[in-house]
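This report looks at salt bridges and helix packing. Please keep the sequence and the structure in view while reading.

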Amino acid sequence: MASFDTISVIGAGAWGTALANASARAGRAVTLFGRDAAALDAMKQNGENPRLPGIRLDQTIRVTGSLADSAKADILLLVTPAQSLRAAMTALAPHVADGTPVVICAKGIERGTHKFMTGITADVLPQARPAILSGPSFASDVARGLPTAVTLAAAEEKLAIALTHALGSASLRPYHTTDVRGVEIGGAVKNVLAIAAGIAAGKQLGASALAALTTRSFAELMRFGLACGARGETIAGLSGLGDLILTCSSPQSRNFTFGMALGRGETFSPDILSEGQFTAPVLLEIAREKSIEMPVAEAVAHVLNGAITVNEAIEMLLTRPFKAEG
């Protein structure tokens, strides 16, 4: 099994900072790269990231603004928004050595290309060994060292196992799999479905409605996953059902919070922009291409593009023909 002693986290937002803390707890030498000079200075001086207030950065973590220096680590964790991943990889590409494991920690589908995250890696970082980390996890929980379980996928099983040993600790438990596509799908699709759950909560439709919506959303996630080559057990696992449950039930989820704002009739706020907003139209395009029935995701996409109102979306879902469960 490979020995991975050094880890660089590319992206010093809340999630990147949380993963840096988790990697330090796993006993690795960690470098955290960021582009925001003010935030980097704050972390160096105060030991705290302004994007994750109240949580101390592990003292062993080295903070830097040098991308070339960061790329020298044994493992790279790419922690950028999904729609920014290609640009981040392009900047990183000249500095990445052949065979370096690159663990993608973004959840989404690229607009325009319809590519999942590892597809972007194949385009921009062909010399890397790609992996993806996803699952039910909030940055504040992971940063504090609260118990969290996630899924780590790589096409090479030996690599997936080695990476789980490198990143895992008493507080962060990664489960390995070779079902890369399944893990990618779970992380991307649940963002859209969480917006629907947030709308239901914002409209105060009740706990029964929210439970029903989450369950039917899972059926859509499973249909989409199987149609795109995912394994059923992956969709029913941490990176699918687990992440869906978390993001459909907590205001800590930006997608859920955004949906709540829509349900309350509030205008779009740049403070609660979510990955689900960007993924929804792409998801709908793929679902139509593959003839996958996804009424909840479709309703969200139509609300976001202004084709229907929230009330019309709810009526559309409630007046669908009666059918057998499945």
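**Salt bridges**

Arg 28 pairs with Asp 5 in a salt bridge, with 3.8 Å between the closest N and O atoms. Distant parts of the chain are linked here: Arg 28 sits in the loop between α1 (14-25) and β2 (29-33), and Asp 5 in the segment before β1 (6-10), 23 residues apart. A salt bridge here means a side-chain nitrogen of Lys or Arg within 4 Å of a carboxyl oxygen of Asp or Glu. Helices (H or I, at least four residues) and strands (E, at least two) are DSSP runs, numbered from the N terminus.

The model is predicted: local features need pLDDT of at least 70, side-chain atom pairs count only at pLDDT 80 or more, and totals for chains, interfaces and linings use all residues. Residues are numbered from 1 along each chain as its sequence is written, and side-chain values use heavy atoms, leaving out hydrogens and water.

The whole structure holds 11 salt bridges. Three of them are listed here.

| Pair | Closest N to O distance |
|---|---|
| Arg 28 and Asp 5 | 3.8 Å |
| Arg 62 and Asp 69 | 2.8 Å |

Glu 298 belongs to helix α14 (residues 295-304) and Arg 288 to helix α13 (residues 275-289), so their bridge ties together parts 10 residues apart in sequence.

How accessible are these side chains? Buried means under 20% relative accessible area, exposed over 50%, and partly exposed in between (1.4 Å probe, protein chains only). Asp 5 is partly exposed at 42%. Arg 62 is partly exposed at 40%, and Asp 69 is partly exposed at 25%. Glu 298 is partly exposed at 27%. Arg 288 is exposed at 54%. Elsewhere, salt bridges with shared partners join Arg 86, Glu 110, Lys 115 and Asp 123 into one network.

**Helix packing**

Which residues of helix α11 (residues 238-247) are buried? They are Ser 239, Gly 240, Gly 242, Asp 243, Leu 244 and Thr 247. Their cover includes β6 (129-134), β7 (148-154) and α8 (180-202). Contact means heavy atoms within 4.5 Å.

α8 also packs against α13, at an angle of about 105° and with axes 8 Å apart. Axes are lines fitted to C-alpha atoms, for helices over the stretch in contact, and angles run from 0 to 180 degrees between N-to-C directions. The contact involves Ala 188, Val 189, Asn 191, Val 192 and Ile 195 of α8, and Glu 275, Gly 276, Gln 277, Thr 279, Ala 280 and Leu 283 of α13.
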